[in-house]
Amino acid sequence: MHPPTPTPIILGIDPGTCTTGYALLRSNGTKMEPLDFGCIRPPRQYKLSDRYLVLFESIEELIARHHPSQLAVETQFVSHAHWNVQTALKLGMAQGMAIIAAKRGGLQVFRYAPAEAKKTVVGNGQASKHQVQGMVKLLLALAKEPPEDAADALALAICHCRTLNSYVKRGEEI
């Protein structure tokens with residue numbers, strides 16, 4: 001008889017320089033169990049480089065505590081009407097902190113577009129933050145809706161878990 005296959009733990013990260021959402025889910029193929037979720041909020045008065053360090057160290061700490069095997073991180077969505085180059089670069093750097101921490105921890109890294117995570121969780125790639133919060137609460141049987149950024153990280157982890165249990169691979173491994 002073979003020993004049971006360990007159930008993977010997925011780390012979902014919704015990167016940001018002011019607030020980074022995180023989520024850890026264990027998936028056994030049919031059920032997803034939330035292990036931890038919340039937000040990393042570096043002090044706003046910190047220089048940007050110091051906020052990146054807080055993000056990196058916080059994500060490394062989550063990895064050391066929960067031992068995930070895979071990271072599902074949100075890709076940047078840049079709309080010319082609402083974003084500028086500096087904002088895109090700052091978010092890219094926050095995403096980079098998560099990727100480097102994950103690679104240092106030996107995790108596989110997968111990227112998902114925000115619309116893909118929303119479509120997987122809500123059924124609509126243009127779903128509102130509130131809709132994502134509500135569906136995440138329902139899908140994971142949470143007592144209350146998680147904060148917006150944590151809900152986005154949970155949606156990324158759910159999206160990746162569903163990809164693991166599907167013949168259709170949606171996430172891009174990087």
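**Exercise 1.** Does D36 count as buried or exposed?

*Solution.* The model is predicted. Step 1: the relative accessibility of D36 is 17%. Step 2: buried means under 20% relative accessible area. Step 3: D36 therefore counts as buried.

**Exercise 2.** Find the salt-bridge partner of D36 and state which elements the pair ties together.

*Solution.* Step 1: D36 forms a salt bridge with R65, and their closest N and O atoms are 3.3 Å apart. Step 2: D36 belongs to strand β3 (residues 32-40) and R65 to helix α1, so the pair ties together parts 29 residues apart in sequence. Step 3: R65 is partly exposed, its relative accessible area being 45%.

**Exercise 3.** Describe the salt bridge between K129 and D152.

*Solution.* Step 1: the two side chains meet at 2.4 Å, N to O. Step 2: K129 lies in helix α4 (residues 129-139) and D152 in helix α5, so parts 23 residues apart in sequence are tied together. Step 3: K129 counts as partly exposed at 35% relative accessibility, whereas D152 is buried at 9%. Step 4: helix α5 as a whole is mostly covered, with 13 of its 17 residues buried.

**Exercise 4.** Which residues does I63 touch, leaving out those up to four places away in sequence?

*Solution.* Step 1: I63 lies in helix α1 (residues 48-66) and is buried, with a relative accessible area of 8%. Step 2: the residues touched are L11, P68, A101, A102, G105 and L107. Step 3: L11 is 52 residues from I63 along the chain, yet their C-alpha atoms are separated by 8.0 Å.

Definitions and conventions:
Residues numbered from 1 in each chain as written. Predicted model: local features only at pLDDT ≥ 70, side-chain atom pairs only at ≥ 80, totals over all residues. Heavy atoms only, no water. Helix = DSSP H or I, 4+ residues; strand = E, 2+ residues; numbered from the N terminus. Buried < 20%, exposed > 50% of the residue type's maximum accessible area, 1.4 Å probe, protein only. Contact = heavy atoms within 4.5 Å. Salt bridge = Lys/Arg side-chain N within 4 Å of Asp/Glu carboxyl O.
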